[in-house]
Amino acid sequence: LLEHLMNFYLEIISATVSYLLGSISFARIVTYISTSGKDITEHEIAVDGTDESYKVLSIGANSVSSLLGARYGMVVSIFDILKVFLPTLFFKLSYPEQPGLYLIAATFGVIGHIWPIYYRFHGGSGFTAIMGGLFVIDPVAIFITSIVGLFLGMVIFRNMVVATLSWIWLLIPWLWWRTNGSWEHILYSIAINILFILAMIPEIQNVMTYKEKGKTIEYAMGNLKSNPMGRGMLKMAKFFKVEIK
C-alpha cells in the first residue's frame with residue numbers, strides 16, 4: 001500500500017512539474033524581449049491574394065518565425081523542446097523501472113504547452129513540445145515518422161495535410177512496434193494524438209470559416225507562406241507537383 005501511495009505521489013509530482021514547465025511560453029518571452037514589448041498574440045497572418053488577415057491562433061515557434069524570422073523561431077523551438085525534454089529525462093534517469101513517470105512528464109509537458117496556466121490557457125499546437133518528449137522516449141521516432149509522413153503526403157496521397165501531420169499519427173504503430181506492445185507507450189502515443197487534435201480545433205474552425213467564404217486555398221497559402229517551415233513545404237509540394245487544396 002505504501003509503495004502504491006508513493007508511486008501515486010511521484011505521478012502527481014511528474015505531472016505537476018512538467019505541466020508548469022510546459023506552460024512557459026518562450027514564444028511570448030522571446031518576442032517581448034527582442035521587440036521591446038511586442039505581443040506575439042497580436043500578430044496577424046495575411047490571407048493570400050486578399051486584403052484580409054487574422055490573428056495567429058497557435059502561439060509557438062511558427063508564429064514567432066512568421067513575425068521575426070527563422071532565427072528567432074529556431075530559438076523558440078529549442079527552448080520549447082528543452083522544457084519538455086528536461087523533466088522527461090529527469091524522471092527516466094531517476095526512475096528507469098517506472099516508464100509511466102517519464103511518459104506522464106512528456107504528456108503533461110505537451111498539455112502545458114497547449115494550455116499554459118500562465119497565459120489564460122492559450123498556447124501552441126504542440127509540435128516542438130511533442131518532440132521534446134520523444135527525444136527521451138525514442139529519438140529515432142522523430143526522424144523515421146517524419147520521413148515516412150512526408151513520403152506518404154508528397155508521393156502516395158499527394159496531400160499537404162498528410163505530409164504535415166501524419167508523423168504524429170504514425171507514432172501509434174511505431175511505438176507499439178518499438179516497445180513490443182507496451183501499453184504505457186501505446187497510451188502515450190494515443191494521448192498525444194488526442195491532445196494535438198484538440199489543440200487544432202481553433203485552426204479547424206478558422207479553416208471552416210474561410211471555406212464558407214470560398215477562400216480555403218487563399219487561407220492555406222497565406223498560412224504556409226507566412227513562416228519558413230511552410231515555405232519549405234510549399235517548395236517540396238512544387239517539386240512533387242502536389243496541389244494545394
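1. Start with the lining of the second largest pocket in this predicted model. By class, the lining has 7 nonpolar, 2 polar and 1 charged residues. The pocket's volume is about 170 Å³.

2. Which residues line the second largest pocket? They are Gly-100, Leu-103, Ile-104, Thr-107, Phe-108, Trp-183, Glu-184, Leu-187, Tyr-188 and Ala-191. Two elements each give two or more residues to this lining: helix 5 (99–114) and helix 10 (183–199). Find these helices before you look at the pocket itself.

3. Now take helix 10 with helix 9 (residues 171–178). Their axes come within 9 Å and cross at roughly 170°. Helix 9 is therefore roughly antiparallel to helix 10, since an angle over 145 degrees counts as such.

4. Next, the residues behind that pairing. Helix 9 brings Leu-171, Ile-172, Leu-175 and Trp-176 to the contact. Helix 10 brings His-185, Ile-186, Tyr-188, Ser-189, Ile-190 and Asn-193. The contact of helix 9 with helix 10 has 7 nonpolar and 3 polar residues, and no charged ones.

5. Helix 10 also packs with helix 6 (residues 127–137). The angle is about 170°, and the axes lie 11 Å apart. Helix 6 and helix 10 are therefore roughly antiparallel to each other.

6. Which residues of helix 6 meet helix 10? They are Phe-127, Ile-130, Leu-134 and Ile-137. Their partners in helix 10 are His-185, Tyr-188, Ile-192 and Phe-196. By class, this contact has 7 nonpolar residues, 1 polar residue and no charged residues.

7. Tyr-188 lines the second largest pocket. Tyr-188 is also part of the contact with helix 9, and Tyr-188 takes part in the contact with helix 6.

8. Elsewhere in the chain, look at helix 3 (residues 61–68) and helix 4 (residues 70–94). Their axes come within 7 Å and cross at roughly 160°. That makes helix 3 roughly antiparallel to helix 4. Is the crossing left-handed or right-handed? Helix 3 passes helix 4 in a right-handed crossing.

9. Last, the residues at that crossing.

Terms used
Residues are numbered from 1 along each chain as its sequence is written. This is a predicted model: local features need pLDDT of at least 70, side-chain atom pairs count only at pLDDT 80 or more; totals for chains, interfaces and linings use all residues. Side-chain values use heavy atoms; hydrogens and water are left out. Axes are lines fitted to C-alpha atoms, for helices over the stretch in contact, and angles run from 0 to 180 degrees between N-to-C directions. Helices (H or I, at least four residues) and strands (E, at least two) are DSSP runs, numbered from the N terminus. Angles under 35 degrees count as roughly parallel, over 145 as roughly antiparallel, 65 to 115 as roughly perpendicular and the rest as oblique. A crossing is left-handed if the near helix is turned anticlockwise from the far one by less than a right angle, and right-handed if clockwise. On a 1 Å grid over the protein atoms alone, a cavity is a set of points where a 1.4 Å probe fits but cannot get out, and a pocket is an open set with protein on both sides within 12 Å along at least five of seven lines; lining residues have an atom within 4 Å of a point. Grid points are joined across faces, edges and corners, and a volume is the space filled by probe spheres set on the points. Ala, Val, Leu, Ile, Met, Phe, Trp, Tyr, Cys and Pro count as nonpolar, Asp, Glu, Lys and Arg as charged, and the others, Gly among them, as polar. Contact means heavy atoms within 4.5 Å.
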